[in-house]
Amino acid sequence: MSVEDIQQAVERILQDKPLASIQWFVLSQSWLGKSYSEMAEASGYRNNYIKEVGSELWQDLSVALGKRVTKKNLHLALNKYLQNEIGDRENQSQHQFSEESSLEISPDFFSASKIEFPSGPVPLSSPFYINRPPLEELVCNEILHPGCLIRIKAPRKMGKSSLLNRMIAYAREQGYQIVYLDFQEADQDVFACLDKFLRWFCVNVSRQLNLLPSLDDFWDTEMGSKVSCKIYFEAYLLQYIDHSPVVLALNEVHRVFEHPNIAQDFLPMLRFWHEQGKQNQIWQKLRMVVVHTTEIYIPLNLNQSPFNVGITITLPPFTLNQIQNLALCYGLHSAADSEGAKRLVPLQTMVGGHPYLVSLALYHLCQEEMTLEVLLETASTPVGIYSQHLRELLNLLQKEPELMSAMQQVIATDEKVELNAIAAYKLESMGLVQLNGNQAHTMCELYRLYFSQQLGKHSGC
């Protein structure tokens, strides 16, 4: 088939979604077997931007065809479409763009029973990952800079780990070595003191770099743990690896925040390493990524904290357009046009565009268990789809009376409420509130409805 034939086929597949000129360029060059690097050189665009355009294009085609489309299987996917699906294309189109008021799942999409329940990070190969431009491009650009420090922050279940995993995959494509530490995996006694924590830290990094831990050769109690840790990295870890950069990805760093005796030394240490990368070539090998829920509440000198240097990536909630794209990924093709998007507005209002809560709703809708109207009516009740999620949040609040009281203040008014710094931090970490400084308001209507009822019972109102 010629490139012109392919363009016409893609126009029919995507129906109402015209492609931009750069998308047509990536499509035609991919069909001709060109690499992203060759496309970037020919077009003048950056390589990672071309990859981002391609990724979104393959996702759109995956949604429209109901099967995963990649650059590698493009020939196979489009040939099969032309052979098997052109005959009933008009009937499929009529069904997909139904004008009925409810959201319907396309019977030609992959079986709803095979769709995994939303839980944990979105797998790299999943079509259910929704890009939030320009975040993906920003992190992939920044990780290329020697000695960089990237901070990714957002409340729980907003997609931090999913974004981190994609950045790591991109770094691996560049030939970088990866060290990934999740502080949630550390035993409580690791945080007993700074020396024990930094030894645990160094041992884990060593093993992931396939180097035997050799702490005793570099650790000097008279110089202190921080200096010993620096020497261990500088004279051993970064010295004995090859010339490829090392990405040090630190996930769930808020666990460290809960131990001020550790955080007040460890976090400034990361900043110092980042600053070393500006002048010391061996430290330029190290690229650090720090992922945590929200701002720290421990008292740190701003000139020592690592969080006023480097680049900060804050994950926003989904926009209506992103919710619409995710609905299409779930096979809810009646959401494809402008009327379908309008029908998703109440869902966006109910959950505030929270990625996990949106995904959970669309999962249940694609299973055809209920209509969107019923889902929204029962959302904050014990029989709603969010009941387990809401109970977990309530249990966390009930364990800390100060947080319970703070949340009661927030839901008692439509105005923003001034909270103390620690309560504000913890409520935002749980994803319950949005903050402007220490002024808080409820993150979404779902939480306002549920906690108005539950905390009212708790206080005896």
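1. Over which ring does the charged end of Lys71 sit? The ring is that of Tyr36, and the charged end of Lys71 is 5.3 Å from its centre. Keep in mind that this is a predicted model. Every distance and percentage below is computed from that model.

2. Another lysine is placed over a ring. Lys157 lies over the face of Tyr356. Here the distance to the ring centre is 4.1 Å.

3. Next come the charged pairs. Side chains of opposite charge can pair when their charged atoms come close. The structure holds 10 salt bridges. Three of them are described in the points that follow, including the one between Asp189 and Lys196.

4. Look at Asp189 and Lys196. Their side chains meet in a salt bridge, with 3.8 Å from N to O. The pair counts because that distance is within the 4 Å cut-off. Asp189 is partly exposed, at 44% relative accessibility. Lys196 is also partly exposed, with a relative accessible area of 38%.

5. Now move to helix α9, which covers residues 194-208. Asp195 and Arg199 both lie in this helix. They are four residues apart, or about one turn of the helix. A salt bridge joins Asp195 to Arg199, and the closest N and O atoms are 3.3 Å apart. Asp195 is partly exposed at 27% relative accessibility. Arg199 is partly exposed too, with a relative accessible area of 27%.

6. The story of Asp195 and Arg199 has a further member. Asp216 is linked with Asp195 and Arg199 in a network of salt bridges. Find these three residues together in the viewer.

7. Helix α10 spans residues 225-240. Lys230 and Glu234 are four residues apart in this helix, so about one helical turn separates them. They form a salt bridge, with the closest N and O atoms 3.4 Å apart. Is Lys230 buried or exposed? Lys230 counts as buried because its relative accessibility is 18%, and the cut-off for buried is under 20%. Glu234 is partly exposed, with a relative accessible area of 22%.

8. Turn to the aromatic rings. How many aromatic pairs does a search of the whole structure find? The search finds 20. One of them joins Phe218 and Tyr232, whose ring centres are 5.8 Å apart. Their planes meet at 80°, so the pair is edge-to-face. Phe218 lies in the loop between α9 and α10, while Tyr232 lies in helix α10. The pair therefore ties together parts that are 14 residues apart in sequence. Tyr232 counts as buried, at 0% relative accessibility.

9. Compare the pair formed by Trp273 and Trp283. The ring centres of Trp273 and Trp283 are 5.1 Å apart. Their planes are at 35°, so this pair is tilted. Trp273 lies in helix α12 (residues 260-276). Trp283 lies in the loop between α12 and β4 (286-292). Trp273 is buried, with a relative accessible area of 1%. Trp283 is buried as well, with a relative accessible area of 1%.

10. Trp273 and Trp283 belong to a cluster linked by ring pairs.

Technical notes:
Residues numbered from 1 in each chain as written. Predicted model: local features only at pLDDT ≥ 70, side-chain atom pairs only at ≥ 80, totals over all residues. Heavy atoms only, no water. Buried < 20%, exposed > 50% of the residue type's maximum accessible area, 1.4 Å probe, protein only. Helix = DSSP H or I, 4+ residues; strand = E, 2+ residues; numbered from the N terminus. Phe/Tyr/Trp six-rings, centres within 6.5 Å; stacked < 30°, edge-to-face > 60°. Lys NZ or Arg CZ within 6 Å of the ring centre and 35° of its normal.
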